[in-house]
Amino acid sequence: MQEQEHQQQEAGQEKGPRRGTAVWALIITSLAGFMASLDNLVVTTALPSIRKDLGGALEDLEWTVSAYTLTFAVLLMFGAALGDRFGRRRLFTIGLGLFTAASAAAALAPGMGELIAARAAQGVGAAIMMPLTLTLLSATVAPERRGMAFGIWSAVNGLAVATGPLIGGTLTEHFSWQWIFWLNVPIGLLLLPLARLRLNESRGPNSRLDVPGTALASAGLFGIVYALIRGNADGWTSPSVLTGLIAGATLIVAFVAYENRAAHPILPMRLFRNRAFSAVNAASLLMFLGMFGSIFLLSQFMQNVSGYSPMEAGVRMLPWTAMPMIVSPIAGILSDRIGGRPIIAAGLTLQAVGLALFALVVTTDVSYAAQLPALIISGIGMAMYFGPTANVVMSSVRPEEQGIASGANNAFRELGGALGVAILASVFSSQGGYESATRYVDGLVPALWVGAVAVGLAAVAAVLIPRRRKATAAPADAQPQRTLEPVA
């Protein structure tokens, strides 16, 4: 009996009956992930209304976006570590509760300062709950069905990222900007008791938190993300931006050096010796770099150049943004049968081709019909990436390391998104501007080419993922190493 309990703990599972089902786990984690992903971009189309209502300078408006991105990115791995230490279901509900309360505080904010603080608190809550969604789902779904489950989970999250501007614009246009935050409250209140009753508890094997590693990683990522967000506004050679980049990079190097010696590392560096783990994270960073930056500029193109309202622009983006709901579950099922590598590589290639088509056809008077092929190809490519990627990430590590792996992959995605907006906006501003439709297109075209190249490089990284035969052998090969790890 003691041996069985020990094996159960090694697998990261709590002793006791399974109270949840795969369907409930999929519903709860998908809806929670939808809220966290949605709030990345949902506020962008509401900024003019927020400024009119609450006042504030341009910098204040920028911080309503970046406060969420910063706290979300820098605390993702810490959130995963807390879940492994204190219980993943327990920390998931805490993060969900904080995110829900912060959403209500943002809707009730009487001024810009209070709104920015609430957005930062939203990011903390999202950073705690988001990396735990995949570990909770993985603990419930049978291995042979995880590809399909991750495909559905990824479809919902991908749709949230892509439709953030549409939902924000629609709610702002027909109700008020406060409703982009009120939307989260009833969903969160519904999920809190369901998570407590329907999800199974699980923990990681280590009982200690890596406080020095967490501090180094968080401070380093904060410096880099802060510099990327402020680069366009303050200038890339300004003291604050240069300090953020240099100090952040130095702290990340120190983090890597420390983690190589730590007895209980928050992110074991040996994971990056796994080719699947390294390749899929490189692909994720580059994919979000190209996709996030392109959606950021194209949504503005449809409003500023084509003359659509925020809601009208979002509707016309649906051939791109709705594809994850259709294609991602299919891609997940295919990844169960043939492996994730060919699906991910093909999807990223299609995404790069779609962005290149946009760059070739976009003009000041381009018709919607001319944009449609690029929208459809980009949507199919994005959808093929999401589901299999989650499966590859979770299957590339041991069960007890899935929380850290999920947190790391989400951190790479967030950093890629921040980097993409910064780089593509810099290219845009160096070649064009907002003075006229012609100037906007002059900046948009080279920015889209940069986005296409970034996603093309992501496809190259995906090709480096081992074939399915090698990937499935990894857990067995890794099993003997368990006896070499220090015991807490």
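Start with α2 and α5, which are oblique to each other, because their angle is neither under 35 degrees (roughly parallel), nor over 145 (roughly antiparallel), nor 65 to 115 (roughly perpendicular). The axes of α2, residues 22–38, and α5, residues 88–107, cross at roughly 40 degrees and come within 12 Å. Axes here are lines fitted to C-alpha atoms, for helices over the stretch in contact, with angles from 0 to 180 degrees between N-to-C directions. Helices are DSSP runs of H or I, at least four residues, numbered from the N terminus.

This is a predicted model, so local features need pLDDT of at least 70 and side-chain atom pairs pLDDT 80 or more, while totals for chains, interfaces and linings use all residues. Residues are numbered from 1 along each chain as its sequence is written, and side-chain values use heavy atoms, without hydrogens and water.

In the α2 and α5 pair, I28, A32, M35 and A36 of α2 meet F92, L96 and F99 of α5, contact being heavy atoms within 4.5 Å. By class, that contact has seven nonpolar, no polar and no charged residues; Ala, Val, Leu, Ile, Met, Phe, Trp, Tyr, Cys and Pro count as nonpolar, Asp, Glu, Lys and Arg as charged, and the others, Gly among them, as polar.

Next, α5 and α6, residues 112–140: their axes come within 7 Å and cross at roughly 150 degrees. The two are therefore roughly antiparallel. Their contact divides into 17 nonpolar, six polar and two charged residues.

Last, R413, in α18, residues 402–431. Is R413 buried or exposed? R413 counts as buried, because its relative accessibility is 8%, and buried means under 20% relative accessible area (1.4 Å probe, protein chains only). Leaving out residues up to four places away in sequence, R413 touches S284, F288, Y385, F386 and T389.

Notes. Buried < 20%, exposed > 50% of the residue type's maximum accessible area, 1.4 Å probe, protein only.
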